[in-house]
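Let's walk through a protein model together, one step at a time. Please keep the sequence and the 3D view open as you read.

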Amino acid sequence: MDSVYVHIPFCLAKKCLYCDFVSMPYSPPVAQRYLGALSREIALLKEAGDFLAGPQDKLAVKSLFIGGGTPTVLETRQLEELLDLLGKNFVFQQGSGVGAGAGAEVTIEVNPATIDTEKSSTLLKGGVNRISIGVQSFSGPELKTLGRLHTSRDALDAVKTVKDAGFENISIDLIYGIPGQRVEDWRRTLETALALGVRHVSAYELTLEEHTPLSGLVEKGALRMPEEDEVVRLYFLAEEMLEAAGFVHYEVSNYALAGRESLHNLNYWRRGEYLGLGAAAHSFKRASQRFFSTEGAPRNGKRWKNADGIFRYMDLLEKDVLPAEEIFLLTPEEEKREFVFLGLRTREGISVSDGRDLFGPDMEKEAGLLVKEGLLEMSRGFIRASRAGFPVLDAIILRLLAGLGL
Amino acid sequence: MPKNIRNFSIVAHIDHGKSTIADRLLEFTGALSHREMTAQVLDSMDLEKERGITIKAHSVRLSYKAQDGQEYLLNLIDTPGHVDFSYEVSRSLASCEGALLIIDATQGVEAQTIANAYLAIENDLEIVPVINKIDLPQADPERVIAQLEETIPIDASNPILASAKAGIGIGDILEAVVKKIPPPKGDDSAPLKALIFDSWFDAYRGVIALVRVFDGSVQAGMKIRLMGAGKDYEVGEVGVFTPKILPVGRLGAGDVGYIIAGIKDVADTRVGDTITGTENPASERLPGYREARPMVYCGLYPTEHHQYAALKAALEKLKLNDASFTYEPESSQALGFGFRSGFLGLLHMEIIRERLEREFGLTLISTTPTVIYRAIDDEGNEKALIDSPSKWDNSEKNVQEPYVKAVIFVPEAYLGAVFDLCRARRGVQKDFNYIGKDRVMLTYELPMNEILWDFFDKLKSMTKGYASLDYEFIGYRDADLVRVDILLNSEPVDALAIIVPKEKAYFLARQVVEKLRGLIPRHMFEVAIQAAIGSKVIARETVRALRKDVTAKCYGGDISRKRKLLEKQKEGKRKMKQVGRVEVPQEAFLAVLQLEDK
């Protein structure tokens, strides 16, 4: 297992208007019960012996990500308990305790309105070495449109707080394509972000998810999503400004200074294994190697998702039932499709030799057509999206897969 | 001659309750128990149930003990309920001595009420008016009676008042069938004459022909001849539907039932043909036979080339069951290999297409439907039939197009709108009559290509659903038409070409390209859409290049969501046809059917 994801499905009083992830308003007793369920989930997985079998009965992983929801909405005491639980069960190559080993990446998502000096030092002590702050925007009106419960000031303070506490590897999330957002607004948000000296920026295009309040407002006509040309301009502005500041555009929506790429995220695109803990968490286990496969081990890659409902998740675990519900066995075709559509999301791209193994000469032939159109590039043994290709990657993938008979 | 047989049909305007009445008669006579009744038993095809219309004819034999104490055999012949199948309707009616004319007590007389009543009168049928849905609060039987007396030359003073839904008047209907409809005439000992009013192919038993025996009799072992097809067969079985299939010893004069005779091809048992005995044949056929001619043509193409053979096999199979549609191979530069297919009408086309997709798992592109045009030489003789825009030549001087006579019923309040619609569709008003105080029966002559597609929908929507329509083909008239080609990125797409009146060419071309702009998805390059007559471009639109299309994030490793999205996109792509580098969705080929009137 390469990575572990832990979902903390609690938020401040209300959800952001664009969010369709599983979460509920923070309730101290429910959160307490939830921590118990997480502990139980790990214990059951250990008993099953499927994943958690490593030195000292700890699972060695390369990255751990605590996401949400808003993990830092937990009280300090609960954060300590969570980190203690993880430290007891996961190990990062050598040493003990979360993040003790070199090269390990332990990230927690932080909402600007929920972080203070005390929590920061708890996180640091608990082994967290990377902070991802959900800034989204430095414009007051935009934050309001998104339904964020913090101000631009809160975000600036949050960065300072975690820096002062000793964190050096800081990432911020930004959103563009917000109704009403002008090019100047986005430029100012990016300038502010760069001035903070962060090492990593995620710049996500605002996506309208069904059944969210935001999509309702757009349907009603109360808000208008920006035109495509506008969004493309914002996309390229981010690329231009961040690259000028030394950031590498290493994935569709992610930028990092050299060596600060998120290992945890890259693991998803590289089809590394990951274990998701908590309600609605996703996991992936690769197909077992043919020669070493033992009786009953899966022949197919397997993706699964834990129970969506927070209470259902807890109820199941309290009855000693593992909460994996949506289990999906990948066929060889699906494995191939994933190889293409996940790999191409990164600047690194997909390896020509791996492509040859999977598709024979077809991959180079089909990719070659898209290279001619300037949408893909092929060099140093890799196929990747070009600068012009990244913003239309989904269409490229669809064509490439169709060309490959998938 | 069996005095205790009655052969009758039920005719009505659509939705006036024909099938529900039939169901009630089956239930009342005990042909089916209540438990066995699924709504609208006679409509057995899934498609029929879904669309609430009858596509094929059926017959059911009911046993009924009348108030006079005698046992009667009532043969109920259910008829198709759409103008596309009016010939089949006429043959079903020719098999009867009487018809129940059902009129909705809340809707009153409609266009098909009259058209069907006249069909029945032409076939010398005794008409029994039944006013249905009398239990509804808006029911107005007095008004219906007045309308009937004004429009149809029958005695409508004493109709049966019924409600199929509430089970009112069903016994009265059965009594009227026995008392008012005459028993069949005919001579049991004369040479066999049986009229085919429907036939279909059964995978186990071959063709099953539904017939009405007029003279003579038929039984297993007898040699028969299909007079139109000129083929002889030996009868394997005769019987009736109760509605379950029930073999009987013989079918005599006046009987209605089925014949199975090892026939492999429904084309041999054309509706309207006469069956006689090989050894003692009748001297002439029963009157009224004509070959069903397709009126509407379109190209059917698989979206994926490799389905061509499967499409061919599927068409062959369907043809086994439906002699009235035709197909021949055709190729299109844009769409590759497919079939030019002919249908009785647009509904017939939709049904065949839907069956091909549903029952055979094909994904098809059907091109813009077209009527058949005629090229005429200087002497006025037919030179060629043009069933496809690709066979059209803009330099052809004398061309004719098919016309229909349309009867439209419309409340007075909407007359203006209907006049405008008919004028926009090149209609010529031939008659105007008030039916009662506030309804008008209009008669128009219109080019068929103006009414086949959206005319009825338009008519309905502009009259809040109150107008009704019936039409029949009346012949060919001179036409002033032109072919407009559609080009995508300067390449003509033959399958998108349309034939339109010259005077409307610019106006319609403008609309077609606008429609296409909305339907053709954005590509990674710009797509120019042009409409042209010959080399002259008369309209142009552009589908701008796609600039942003990428999933922002896959949160927390949720790859499944991305996978599902890809599958959805792939499915959407599968339904499109690649024309050059441009993906064209099915709807684009039908865009021309949804244009606005001037």
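Predicted model: local features only at pLDDT ≥ 70, side-chain atom pairs only at ≥ 80, totals over all residues.

Residues are numbered from 1 along each chain as its sequence is written, chains are lettered from A and ligands numbered from 1 in the order in which they are written, and side-chain values use heavy atoms, with hydrogens and water left out.

Let's start with the meeting of the chains. Here, 47 residues of chain A are in contact with 29 residues of chain B, where contact means heavy atoms within 4.5 Å. Between them the two chains bury about 3,500 Å², and 57% of this is on carbon and sulfur atoms. Buried area is the accessible area (1.4 Å probe) that two parts lose on being put together, summed over both. On the side of chain A, Glu228(A), Asp394(A) and Leu398(A) lose the most area to chain B, together 18% of what that side buries.

What about charges? Side chains of opposite charge can pair when their charged atoms come close. A salt bridge is counted when a side-chain nitrogen of Lys or Arg is within 4 Å of a carboxyl oxygen of Asp or Glu. Over all chains this rule gives 68 salt bridges, and between chain A and chain B the count is 8. One example is Lys548(B) with Glu205(A), at 2.8 Å from N to O. Lys548(B) lies in the loop between strand S32 (536-543) and helix H13 (559-574) of chain B, and Glu205(A) is in strand S10 of chain A, so the pair joins two chains. Helices (H or I, at least four residues) and strands (E, at least two) are DSSP runs, numbered from the N terminus. In another salt bridge, the side chain of Glu228(A) meets that of Arg522(B) at 2.2 Å, N to O.

Polar contacts can be counted too: there are 19 residue pairs of this kind between chain A and chain B, with both residues at pLDDT 80 or more. A polar contact is a pair of N or O atoms within 3.5 Å; within protein, one must be able to donate a hydrogen and the other to accept it, and residues adjacent in sequence count only if both atoms are side-chain atoms. Which element gives the largest share of the side of chain A that touches chain B? That is H14(A), with 9 residues. By class, this side of chain A has 27 nonpolar, 5 polar and 15 charged residues. In this grouping, Ala, Val, Leu, Ile, Met, Phe, Trp, Tyr, Cys and Pro count as nonpolar, Asp, Glu, Lys and Arg as charged, and the others, Gly among them, as polar.

Now look at chain B. Six of its strands form an open sheet of mixed pairing, in the order S2-S3-S1-S4-S5-S6. Strands S2 (58-65) and S6 (160-161) of chain B stand at the edges, each with a single partner strand, so one side of each is left without a neighbour in the sheet. Two strands pair if DSSP finds at least two bridges between them. S5(B), residues 126-132, runs parallel to S6(B), joined by 2 bridges, and Ile131(B) has Leu161(B) as its bridge partner.

Another open sheet of chain B has 8 strands with antiparallel pairing, in the order S11-S10-S16-S7-S8-S15-S12-S13. Its edge strands are S11 (231-234) and S13 (245-248) of chain B, which pair on one side only.

Elsewhere in chain B, S22 (residues 373-376) and S23 (residues 382-386) pair in the antiparallel sense over 4 bridges. Arg374(B) has Leu385(B) as its bridge partner. Their hairpin has 5 residues between the strands, and among these Gly380(B) takes a positive phi near 85°.

Finally, the backbone. Most residues other than glycine have a negative phi, and most peptide bonds are trans. Asp320(A), however, has a positive phi near 60°. A cis peptide bond joins Gly68(A) and Gly69(A), with omega about 20°. The bond from Thr242(B) to Pro243(B) is cis as well, with omega near 10°, and Pro243(B) sits in the loop between S12 (237-241) and S13 of chain B.
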